[in-house]
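The questions below ask how a few of them apply here.

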Amino acid sequence: MLGVLLARAGIDVIVLEKYPDFFRDFRGDTIHPSTLALLYELGWLDACLALPHSELREIGANIAGEFLKVADFSKLPTHSRFIAFMPQWDLLNFLVERGRRYPTFHLMMETEVTALVESAGLVTGVRAKTKAGEVAIRADLVVGADGRHSTVRALAGFEVENLGAPMDVLWMRIPKLRSDPAQALGTIRDGRILIMIDRTTYWQCAYVIPKGTLENLKAAGLDAFHRGIVDTVPALRDRVATIDDWSKVALLEVRVDRLKRWHRAGVLCIGDAAHAMSPIGGVGINLAIQDGVAAANILAGALLEGTGTEGLLAAVQERRTFPTKVTQAFQVFAQNRAIDPVLQGVEVTRVPLAARLLDEVPSLRRLAARLIGMGARPEHIRTPDAFA
């Protein structure tokens with residue numbers, strides 16, 4: 001998103017992608033109202049939503065056998081009052097297609113950054129490995145948007161503050177039948193947590209486990225794993241056996257961390273490279289896109305005029321630190337107070353008061369939807385279209 005916005009403003013941008021395509025199953029696929037609003041501002045929303053997707057206008061949870069409404073997006077003060085579920089590779093390919101409309105947008109696939117190029121303490125580009133050999137790319141600014149295992153942040157020597165996470169998540173596909181009733185997004189029962197996302201022809205399921213226990217789960221065998229899923233959602237009994245090999249289960253190692261400093265001269269980190277998010281709320285991709293928009297708004301003028309970004313990189317961090325801390329504080333609270341006790345075997349025999357209030361008080365459901373759907377500081381497109 002940052003690359004497309006800067007290219008749209010007339011700035012030469014090279015986006016480097018390590019892999020030959022964007023196809024990675026079980027990446028963050030939730031496009032929240034905050035991101036849909038940005039696409040609307042760009043005039044791209046209808047084209048994006050023409051891609052296959054499903055829409056969620058309300059979040060519900062099944063807790064101790066009782067269905068509860070948790071968040072209602074129908075009253076959000078924005079154009080699109082729903083979460084769109086769309087494979088991330090479709091969204092990335094869509095953004096690439098839009099970017100290629102501008103002569104200043106360049107994409108290099110199968111190109112992996114191996115080193116930062118520096119001169120007198122200033123980062124002036126990168127070295128990268130390609131199929132044809134190593135290349136050196138000079139740049140006025142290098143942006144690390146390469147996720148929670150960021151190569152750029154490691155090479156830049158940025159210090160990471162780990163906030164902790166008591167869980168990991170196992171992602172898998174389970175077939176969906178036409179006769180299946182609508183599901184609560186999350187089910188909490190007997191020390192287990194299962195999230196089910198409707199993908200029209202299958203359920204994308206997230207099974208939450210205590211951190212670092214995957215090998216123990218594997219040692220117990222697939223039958224025991226199947227029983228855990230069925231005990232949580234009995235309706236899956238007739239098809240859970242389709243998970244007949246551990247290769248069909250993908251591990252998401254949950255991290256919640258952030259950099260103390262996101263930048264130094266010539267280099268900036270954004271998104272998960274700057275602040276890895278828990279999957280709680282599905283906010284990671286949307287917070288990252290907000291970072292990209294804020295960075296474009298703050299940096300485009302200086303990059304276009306060639307006046308340097310000294311001082312402006314700190315402004316990007318300052319702008320995005322508040323929403324990052326608010327979101328992570330909410331996630332850590334939910335992890336420690338709600339999820340960890342369940343995973344440690346604390347029996348949930350009745351609905352907690354906080355969940356009961358969300359279900360019974362519409363204004364609280366709208367507040368929850370505002371935090372999840374729009375975030376603490378939604379951004380807006382301020383960069384121009386130099387080619388309009």
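Q: Where is the kink in H9 centred, and about how much is it?
A: In this predicted model, H9 has a kink of about 40°, centred on glutamine 335. The bend is the angle between axes fitted to the seven residues ending there and the seven starting there.

Q: How do you know what span to expect of helix H9, and what does it reach?
A: The expected span is 1.5 Å times one less than the number of residues. Helix H9 covers residues 312-343, which is 32 residues, and 46 Å is expected. From its first C-alpha to its last it reaches 43 Å, close to that value.

Q: Why are H8 and H9 called roughly antiparallel?
A: The two helices pack at an angle of about 160°, with their axes 9 Å apart. Angles over 145 degrees count as roughly antiparallel, and H8 and H9 are therefore described that way.

Q: Which residues make the contact of H8 with H9?
A: On the H8 side they include Leu287, Gln290, Asp291 and Ala294, and on the H9 side they include Leu312, Ala315, Arg319 and Pro323. The residues of this contact divide into 11 nonpolar, 3 polar and 3 charged. H8 passes H9 in a right-handed crossing.

Q: What makes H2 oblique to H8?
A: Helix H2 (residues 33-42) packs against helix H8 (residues 284-305) at about 40°, with the axes 9 Å apart. Roughly parallel needs an angle under 35 degrees, and roughly perpendicular needs 65 to 115. The angle makes H2 oblique to H8.

Q: Which residues of H2 and H8 meet, and how do they divide by kind?
A: Ser34, Thr35 and Leu38 in H2 meet Asn286, Ile289, Gln290 and Val293 in H8. These residues divide into 3 nonpolar, 4 polar and no charged. The crossing of H2 and H8 is left-handed.

Q: Why are H10 and H11 called roughly perpendicular?
A: The axes of helix H10 (residues 353-360) and helix H11 (residues 362-373) cross at roughly 105° and come within 5 Å. An angle from 65 to 115 degrees counts as roughly perpendicular, and H10 and H11 are therefore given that term. Leu357, Leu358, Asp359 and Glu360 of H10 make the contact with Pro362, Leu364, Arg365 and Ala368 of H11. The residues divide into 5 nonpolar, no polar and 3 charged.

Q: What makes Met109 and Glu110 contacts of proline 20?
A: Contact means heavy atoms within 4.5 Å, and proline 20 touches Met109 and Glu110. Proline 20 lies in the loop between strand S1 (13-16) and strand S2 (30-31). Proline 20 and threonine 111 are 91 residues apart in sequence and 8.6 Å apart in space, C-alpha to C-alpha.

Technical notes:
Residues numbered from 1 in each chain as written. Predicted model: local features only at pLDDT ≥ 70, side-chain atom pairs only at ≥ 80, totals over all residues. Heavy atoms only, no water. Helix = DSSP H or I, 4+ residues; strand = E, 2+ residues; numbered from the N terminus. Axes fitted to C-alpha atoms, helices over the stretch in contact; angles between N-to-C directions. Left-handed = near helix turned anticlockwise from the far one by under 90°. Nonpolar A, V, L, I, M, F, W, Y, C, P; charged D, E, K, R; others polar. Lists of a residue's contacts leave out its neighbours within four places in sequence.
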